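Keep the sequence and the 3D view open beside you as you read.

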Amino acid sequence: MPELSVDQFQTLSQVIYQKLGLHFDEKKIYFLKTRVAKRMAALRMDDPREYLFLLTYADPQGREMQALANLVTTNETYMFREYDQLQAFANHCLPEVLSDKQARGERTLRIWCAGCSSGEEPYTLAMILQEVFPQAQNWDCEIAATDIDENMLRKVATARYGHRSVAEVPDEYRNKYLVEEGNEYVVRRRTTALVTPFHLNLHDRMAMRAMRGFDFIFCRNVLIYFDDLSRKAVVDHFYNALNRGGYVFLGHSESIGRVTTAFKLKRFETHLVYVKE
Amino acid sequence: MSSLKEYAEKFDCGDETERVYAAEDIGYLNAPEGVPALLERLPQECSPAVRDAIFQALIRIDGDIAIEGAVQLLASEDPQIRNQAVDVLRRKGAQAIPFLNTVMRAGDKDLRKLVLDVLSEVQSGDAGEIYQAALSDQDPNVVITAVENLGRMRAAEYRGRIEDLLLSDAHPMLVAACLEALLGIGNPASLEAIRRRFPELGALPDFLLASSLKAVAALGSEREFAEVARLLPVRGRHLRPAILSALLAIYPRCRPGADADLLAVLQALVENGDPPLCRYQAVRVLGFWADSDDVCAFLVSCLSSPERLVRLGAAESLRMATRPGLDPRPGLDPVLEARAREESDEEVLQALGS
C-alpha cells in the first residue's frame, strides 16, 4: 500500500488546518502518516490520494474528518497544559486587564473555562491568579467552569487528582496549592473557592446568552470536535460574552482567525492572542 | 410576525451584542420575510461581529430569497461582503446553482469569477452548463478557476477539454492550472498530452517545472524517472522537494536500477544541511536501493544523525528493506534493534520497530 508522501502530508496538514484549526508541522509527518494509514485500513482504501480526495471533497458532513480528528487529538487533560499559552496569560494579558480595571476602580474579575472537563484547567488558572495577583482575595474573582458532562462536573467539585494530572505542576505551585492525600492530590480550599462548576451546553443558544461579562475565556481543544457552523456560533457567543479588552484562548494549535473576523490578533513577545477591542 | 419586527428594531440599538442577537434570532426564525431586514442592515453595520451574525442568519434561512439576497451581495463594493456572500452561497450548495447560472450568463468577469469561487466547494452535477461556459470564457481568470475546480472535483468528463487548453497557446497560469487539474483527474493517458506540451522538463521555467513535476509524479514512468533525476543537481534548491517527491512517486511504477550519479547526489543532499524534510525525502529515495551494500551502510550511518527526520527516514527505509518479499538483509535486524536501544525519539523508535 503506498504511504502518504511528503507533498500529500503537506496537503493534508493544510486540510486539517482549514477544517479543524489544528496545525501539524513537518515534525509530525510520521504521526500523521500512521494515523492516516489506520483510517485508510478502516475504510479499505489503498491509495492516500483517494483518502485525501475523500477528506477534501467527498466528506460534506465532516464524518471522516471527525474520525481522523479522534485519532490526531488527545482527550488527555492535565494541570499546566500548554504552558506557553498560560505564560502569555499570566505575564501579559492578566496584568493588562487587572491594571485597566484598577484604573477604572473595578474590583471584579471573571474567567470562563468552557468545556472544563474534569477541572484541571480552571484550577490551574485559579493557582496562577493567586500567584500573580495575591490581591485576588480582596476582589470579586470567579472562574466559571462549565461542561456538558455532569460526571465531569462532579469530578471538578471533588477537586481530587491523580499523579498524571499534576505531573506538570511546577514545584512552587504544588506545595502551595495542592495537598497530597495517599495516591491523590487535593486542591486546597482557598483555590477551589475561586472555581464555580456548572452545567452548560455550548450548543444551547439561550444558555450561552446568559454568559456575559467575562474578562477571559478559555476553551482549549474543545471546538475541534464541532462542525464549522457550530464552531462559528460558539466563537460568536464567546465574543458577546467577553468584556471589551477581554481575551479568548483556544488550544495552542487552534486558530480563531479563520472562524471570525471580530477578534483582533495581538502579539505579546512570541505569543499571539485574540482580544475583543 | 411581530417578533421579526421586534428583532429588526433591535438593529438600531447601540449595544453591539443586542444587534448580534437580533441577527441571530432572525436567522433562527427561518422566515423569508427576515431576509430584507438583514440585507437592509448590512451596508450600514460597522461591527464585524454583527456582520458575521447577519451572514450566519442568511445561511440559516431556507428558501430562494436568502439565496437571491446573497447573489445580490456578490456585486458589493466591499470585498469582505463579497467573500461572505460567497461563503453563504457555498453553504446553500446545489440550490444556488440556478441563480448562479443566471449570473454566469449576464454578469461581468468579476461576478463570473465569483460564481466559480462559489462552485469550488459545491459538489453538484447540475453545474455543467456553468463549467461549459466558463471553459470558453474570454477572461483567463474565469477559465483558470474553472479548470482548478474541475481538477479538484476529478471531473474526468472534462479531461479532453483541459488537455486541449494545455496544448493551446495559453496563459502560463492556465497551463499550470491545466497540469494540476490533469493530475487531479489522474488519467494516465494525460501524460501524452503533457509530454507533447513539454517534451523536455529540463527546459521549463521554475514555476511550470513545479507543476509539471507533480503531474509526472502522478503519471510518469521510467523515462520520466531518469529525466527528473537529472534535474536534481542542476535546478535550484527550492525545487528539490518537488523533484524528490516526483522520484518517490514514480519509482514504485517502474523500479529503475541504481544510478551512481543519483546516489551520490542524494547522499550529498542528506549530508549538506538542506531543510530536514528535504533530507528525509532524499533518505527515503535512497531506501529504494537499500539492497546495495554501500547504500545500506549509508542508511545505517543516518540512524545516528542528529537530525530526527533523517533518522526517521533511514529507519523507515531500512525497515522496508527487511520486509518479507523484498530482498532480505539478514544482518540488518540486529543493527536496527541495537540502534533502537540508543534512540530516544518515540516515533523513530516506532519506525525502527515496525
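## Starting at a contact between chains

Let us begin with A:Glu26, which is found in the loop between helix H1 (6-20) and H2 of chain A. Helices are DSSP runs of H or I with at least four residues, strands are runs of E with at least two, and both are numbered from the N terminus.

Leaving aside residues up to four places away in sequence, A:Glu26 touches B:Pro276 and B:Leu277. Contact here asks that two C-beta atoms, placed from the backbone, lie within 7 Å. Within its own chain, A:Glu26 has its C-alpha atom 8.0 Å from that of A:Gln10, a residue 16 places away along the chain.

## About the model

This is a predicted model, in which local features need pLDDT of at least 70 and side-chain atom pairs count only at pLDDT 80 or more, while totals for chains, interfaces and linings use all residues. Residues are numbered from 1 along each chain as its sequence is written, and chains are lettered from A and ligands numbered from 1 in the order in which they are written.

## Chain A as a whole

Chain A holds 12 helices and 10 strands. Its C-alpha atoms fill a box of roughly 65 × 45 × 35 Å along the principal axes. Of the 277 residues, 40% count as buried. Among contacts between residues at least 6 apart in sequence, 74% join residues at least 24 apart.

## The seven-strand sheet

In chain A, seven strands make an open sheet with mixed pairing, in the order S6-S2-S1-S7-S8-S10-S9. Its edges are strand S6 (195-199) and strand S9 (264-268), each pairing on one side only. From one strand to the next, the twist averages 25 degrees. Strands count as paired if DSSP finds at least two bridges between them.

Have a look at S7(A), where six of six residues are buried. Strand S7 (residues 214-219) pairs with strand S8 (residues 242-250) of chain A in the parallel sense over five bridges. In this pairing A:Phe216 has A:Tyr247 as its bridge partner, and A:Phe214 stands opposite A:Leu242. S7(A) also pairs with S1(A), in the parallel sense over three bridges, and there A:Cys113 is partnered by A:Phe218.

Helix H5 (residues 83-104) of chain A lies across S1, S7, S8, S9 and S10, at about 175 degrees to S8(A). Helix H6 (residues 120-132) of chain A lies across S1, S2, S6 and S7, at about 165 degrees to S2(A). Axes are lines fitted to C-alpha atoms, for helices over the stretch in contact, and angles run from 0 to 180 degrees between N-to-C directions.

## The three-strand sheet

Chain A also has an open sheet of three strands, ordered S3-S5-S4 with antiparallel pairing. Strand S3 (160-161) and strand S4 (178-181) stand at the edges with a single partner strand each, so one side of each is left without a neighbour in the sheet. S4(A) and strand S5 (residues 184-187) of chain A are joined by four bridges, and A:Val179 has A:Val186 as its bridge partner.

## A loop residue with positive phi

A:Arg44 lies in the loop between H2 and helix H3 (48-57) of chain A. Its phi is near 55 degrees, a positive value in a residue other than glycine. A:Arg44 counts as exposed because it has 6 C-beta neighbours inside 10 Å.

Key. A residue is buried if 20 or more other C-beta atoms lie within 10 Å of its own, exposed if 12 or fewer, and partly exposed in between; C-beta atoms are placed from the backbone.
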